[in-house]
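Me: I would like to go through this structure with you, beginning with the strands. Could you keep the answers plain?

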Amino acid sequence: NLNMEFTKSLIKGKLIKRYKRFFVDVKINKEMVTAHCPNTGSMKGLLDKGNDVYLIKNDNPKRKLKYGLEIIKANKNLVGVNTHLANKIVNHGLQNNLIKELKYSEKIKSEVFFNKETRFDFLTEKKGEKSFIEVKNVTLFRDHNTAEFPDAITSRGSKHLLALIDAIKKGYKTYLIFLVQIQNMKYFKIAKDIDNEYYKNYTIAKKAGVNFLAYRCKINTKEIYIEKKINILND
């Protein structure tokens, strides 16, 4: 199946506020509900009061919160904010050959240890060639057509870049996929004003041979999946 569908219809509401990173207050019709926020990042630019949001209802009686936040509409674009979906979307893309550079992988493994400290999101194999793949979920855009990463300082992100360089030295091909869960984006760039250290490490990793890809998702209230590759702008 080329489309990855949400398990249930999403419920529309209005954002009131986010707090303690894991919670958002949302108004559905006249009712106030507290939903789980599956994104611990800064969510810069997405949290304006009154933004339309889309929630998924979970019927698990063990879960305290009955709703989970999936999508925020910011500046007329739907943005997928569920960080946990990023790897599922990329896995679906790998299985269905939606990522040109990694088509027809013979083996796809998730969450593979590279060394004691570092796990990469995927290890694929094709004709004896092994590739490590790291996925970064992208939700920041500050103009109408350019997605950016990161949205806050990420020392973990820098650590992963250095580990990808190390993997090249050990004979692996390496890829970093910036998964843009934002409608209508045409370009992607590194937000070096937000994290200059990450930008430096990105430049080093690129020279070392890490393959950087940006793929945009198709996103609506029914489904979300990899739609197309977008260009990475280099300054």
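**Strand pairing, helices and cores**

Reply: Tyrosine 187 stands opposite asparagine 231 in β15. The model is a predicted one, in which local features need pLDDT of at least 70 and side-chain atom pairs count only at pLDDT 80 or more, while totals for chains, interfaces and linings use all residues. Residues are numbered from 1 along each chain as its sequence is written, and side-chain values use heavy atoms, with hydrogens and water left out.

Me: Which strands does β13 pair with, and in which sense?
Reply: β13 pairs with strand β11 (residues 146-149) in the parallel sense over 4 bridges. Strand β15 (residues 224-232) also runs parallel to β13, joined by 2 bridges. Pairing requires at least two DSSP bridges between the strands; strands are DSSP runs of E with at least two residues, helices are runs of H or I with at least four, and both are numbered from the N terminus.

Me: What is the bridge partner of glutamate 148 in β13?
Reply: The partner is lysine 189. Lys189 and Tyr187 belong to the uncovered face of β13 (residues 187-190), whereas Phe188 and Ile190 make up the covered face.

Me: Turning to α2, which of its residues are buried?
Reply: They are Gly157, Ser158, His160, Leu161, Ala163, Leu164, Ile165 and Ala167. Buried means under 20% relative accessible area, exposed over 50%, and partly exposed in between, with a 1.4 Å probe and protein chains only.

Me: What covers them?
Reply: The cover includes β8 (119-126), β9 (129-138), β12 (173-180), α3 (196-208) and β14 (211-219). Just after α2, glycine 171 has a positive phi of about 95 degrees.

Me: Which residues touch the most other members of the largest nonpolar core?
Reply: Leu55, Leu69, Phe178 and Phe188 do, in a core of 46 residues. The greatest contribution to this core comes from α2, with 5 residues. Another core, of 27 residues, lies apart from it and has Met4, Tyr54, Leu85 and Ile99 among its members. A nonpolar core is a set of buried Ala, Val, Leu, Ile, Met, Phe, Trp, Tyr and Cys residues joined through side-chain atoms within 4.5 Å.

Me: Where does asparagine 82 lie?
Reply: Asparagine 82 is in the loop between β6 (77-80) and α1. Its relative accessibility is 9%, so asparagine 82 counts as buried. At the start of α1, a side-chain oxygen of asparagine 82 comes to within 2.9 Å of the backbone nitrogen of histidine 84.

Me: With which side chain does the side chain of asparagine 82 make a polar contact?
Reply: That of glutamate 70, at 3.2 Å. A polar contact is a pair of N or O atoms within 3.5 Å; within protein, one must be able to donate a hydrogen and the other to accept it, and residues adjacent in sequence count only if both atoms are side-chain atoms.

Me: On another topic, how many aromatic pairs are there?
Reply: The structure holds 12. In one of them, the ring centres of phenylalanine 114 and tyrosine 172 are 6.4 Å apart and the planes are at 85 degrees, so the pair is edge-to-face. Rings of Phe, Tyr and Trp (its six-membered ring) pair if their centres lie within 6.5 Å; planes under 30 degrees apart count as stacked, over 60 as edge-to-face and the rest as tilted.

Me: Is phenylalanine 114 buried or exposed?
Reply: Phenylalanine 114 is buried, with a relative accessible area of 15%, whereas tyrosine 172 is partly exposed at 25%.

Notes: Contact means heavy atoms within 4.5 Å.
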